[in-house]
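Biologist: I would like to learn how to read a structure. Could we go through it step by step?

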Amino acid sequence: MLYTCLLPACQSEQHLGQYYTVPPSHFHTVFPHGLPPRYQQQVKTFNEGCVMVRQPALELISHLKRADYSKPTLRYLLYGVKGSGKTMSLCHTVHYCSTQGWLVLHIPDAHLWVKNCKELLPSSYHASRFDQPIQASNWLRNFRTTNEHFLSKIKLRQRYVWTKRESTEEGRPLGELVDMGVSRVKSSSDVVGAVLKELRLQAGGTEGGFRLAVAVDGVNGLWGRTTLKKEDKSPVAPEELTLVHNLRKMINNDWCGGAVIATLSQTGSLYAPSSAYLPQELLGEEGFDSMDPFVPVPVSLYSEKEFESCYLYYLDRHWLQHPHSQTEEGKKELIFLSNRNPSVLERLCAFL
Amino acid sequence: MAASGGRTVGSFLWKCGNCCFNFNTVSSNLTRQVLSRQLCVSAVLHRKNLAAAGPEKFSEEFIKKQVEEFNIGKRHLANMMGEDPETFTQGDINRSIAYLFPSGLFDKKAKPLMKHPDEVFPKQRAVQWGADGRPFHFLFYTGKQSYYSLMHVSTGSLVGSRWLLKEELEELLVETISEHDYARFIQLMERLLSLPYCSVEEDFVQRYRRQLEIQSSKQQVQPLQYDQHGVAYSTGDGRRKTATGTVLLRDSGSGSISINGTNYVHYFPVLQDREQLMFPLHFMGVLGRFDMQCSVSGGGHSSQAGALRLAISRAMLSFLSEGQVETMRQAGLLTPDPRIKERKKPGQEGARRKFTWKKR
């Protein structure tokens, strides 16, 4: 039994190791950003998106089902060695949340906000902070694609003044705010901040309440160092970036009615050794204190059953063309060379 | 014969007359002997150099076919002449051909001839190498393989053995021997070997020689060690180009490998290095059987992988049988790689690279 047709909501332990297909209609809405690039290529090649049901994702989903949403938000942290499937588990959970009708705030990679930024504008709202217009507007665009149906339903509770002539009144739909942020690139970072604040306030509300899922990939980037520099060549601390500042407020558990799911990522992280994968090492002291208390969810390498399942999936899709790879010995070689690491296995099979 | 011989001899003497005048002073008998010997020599000299003929022009099947045809033709000829095919000799053949095909030609080689193909076609060497280009004989690359193999055989008893030491000889004879006596003994044995027909007394000579251990083909296979749980383990170390590695191989494991404390997938991100580690295990078909704890230092990632590969092969020896050890040796898994970085020479930029040549 390699495939199961059930959506994430109905999956349980008996489906461990099986693949389920993400319906194509969901694909572009739920995951405009956020999937690992190699996985996106695989989806394009196979013409379908199949995700393996694994233990960490199931654990997360069961926690989300049983959690009490009137209490302050619980934070879940996925951690594991490089290439063990943390981002994929996160995407699995995000898919579950969106099928359940939650509002999903998916930040594909927090590291993208702290490095390689070409334009850094001083913020209009707060003198000592810096804006990142391109990243913010990109994110707002993707946010709009993901949560179309919520944008008209949520109404703003506060009046926001952008410039002397621009302002958004109270009671306007959120969609208008987001559109404004996308079109007016200069103030997009502040729009992001406003959106996050509104959602935080309204998430646990009883009237028209929705559940909010904040999914952050590479959360350790929020507390490290940045590679950005001010005009006088002095380094920028993460707190001085508007986006990072607002996101940190979201991750704090002072609001209720949702969950925060985060992944650690060494791949994009700055100034972290490549062998580091534990939360303490990657988050640093400051990050660990902010994230504390959290529910750690370890993501391990493929078990025997999972490896078997992945191997059969590749065979089924005729991805393994080499005749030797279809034999038992070839399978043993694959096990040895990849040590059951999902990403290593994927790269290995790519040229077989 | 004498008359025709005289003509060639005369010309020969005239040729040799320039090189040595002593011939003229030699007595007539000796001259005749010398002349007759030189006749034989001249025939050999005039014959073509067989070895330099080049690759064979006639294939084996062709020669075989020719032999068959010759035998059939011989029987036909015998029938034609009315003689018994079984007792038809070469002399009979020659007479029959001379009778059937009378020729007025003077040159012997131009007259019709019927001889056994081995005498007609020049003796040539078969192809010395197989389909993969690897030569059959182990002395092929000396150039004169047959000669050297002949030399090798005749002195075979001396190669790979040494004379008895003085202490060993004393032990054998149960007597005390002085150094002078021992020297005389060795001298006598060498003189014996230098005489012709010494191979007759080979057994006698061998009694006083000891075989030398050929170091290269002997692998020290350490016995298996067992730890407190009864699990067999063995160690091995290897070196490659300033990288040294040691491996502790444990039996009944799951194929997990840790290098310097970290997982091998993280230590060797390059696929090639992991393939190097896999090679000895995969070759013997024991991929999932062993657990390994390795430590390695020095060199770069490739040389560390090579060092570990050698170490793994050496550690695996204690788990394998003799035949498997031999296959591993032939696969080159047990040979340490002798290549190191070549020295930089003065006047050159690197080991081989010269400085840029400027015309002016």
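**Reading pairs and packing**

Modeller: This model is predicted. Start inside one helix: R95(B) and D92(B) sit 3 residues apart in helix 5 (residues 90–100) of chain B, so about one helical turn separates them.

Biologist: What do R95(B) and D92(B) form?

Modeller: The general idea comes first. Side chains of opposite charge can pair when their charged atoms come close. Here R95(B) and D92(B) form a salt bridge, with the closest N and O atoms 2.4 Å apart. R95(B) is exposed at 52% relative accessibility. D92(B) is buried, at 13%.

Biologist: At what angle do the axes of helix 12 and helix 13 of chain B cross?

Modeller: Two packed helices are described by the angle and the distance between their axes. Helix 12 (residues 271–284) and helix 13 (residues 301–316) of chain B cross at roughly 15 degrees, and their axes come within 8 Å. Angles under 35 degrees count as roughly parallel, so helix 12 and helix 13 of chain B are roughly parallel to each other. Their crossing is right-handed. The contact residues divide into 9 nonpolar, 5 polar and 2 charged.

Key. Residues are numbered from 1 along each chain as its sequence is written. Chains are lettered from A and ligands numbered from 1 in the order in which they are written. This is a predicted model: local features need pLDDT of at least 70, side-chain atom pairs count only at pLDDT 80 or more; totals for chains, interfaces and linings use all residues. Side-chain values use heavy atoms; hydrogens and water are left out. Axes are lines fitted to C-alpha atoms, for helices over the stretch in contact, and angles run from 0 to 180 degrees between N-to-C directions. Helices (H or I, at least four residues) and strands (E, at least two) are DSSP runs, numbered from the N terminus. Angles under 35 degrees count as roughly parallel, over 145 as roughly antiparallel, 65 to 115 as roughly perpendicular and the rest as oblique. A crossing is left-handed if the near helix is turned anticlockwise from the far one by less than a right angle, and right-handed if clockwise. Ala, Val, Leu, Ile, Met, Phe, Trp, Tyr, Cys and Pro count as nonpolar, Asp, Glu, Lys and Arg as charged, and the others, Gly among them, as polar. A salt bridge is a side-chain nitrogen of Lys or Arg within 4 Å of a carboxyl oxygen of Asp or Glu. Buried means under 20% relative accessible area, exposed over 50%, partly exposed in between (1.4 Å probe, protein chains only).
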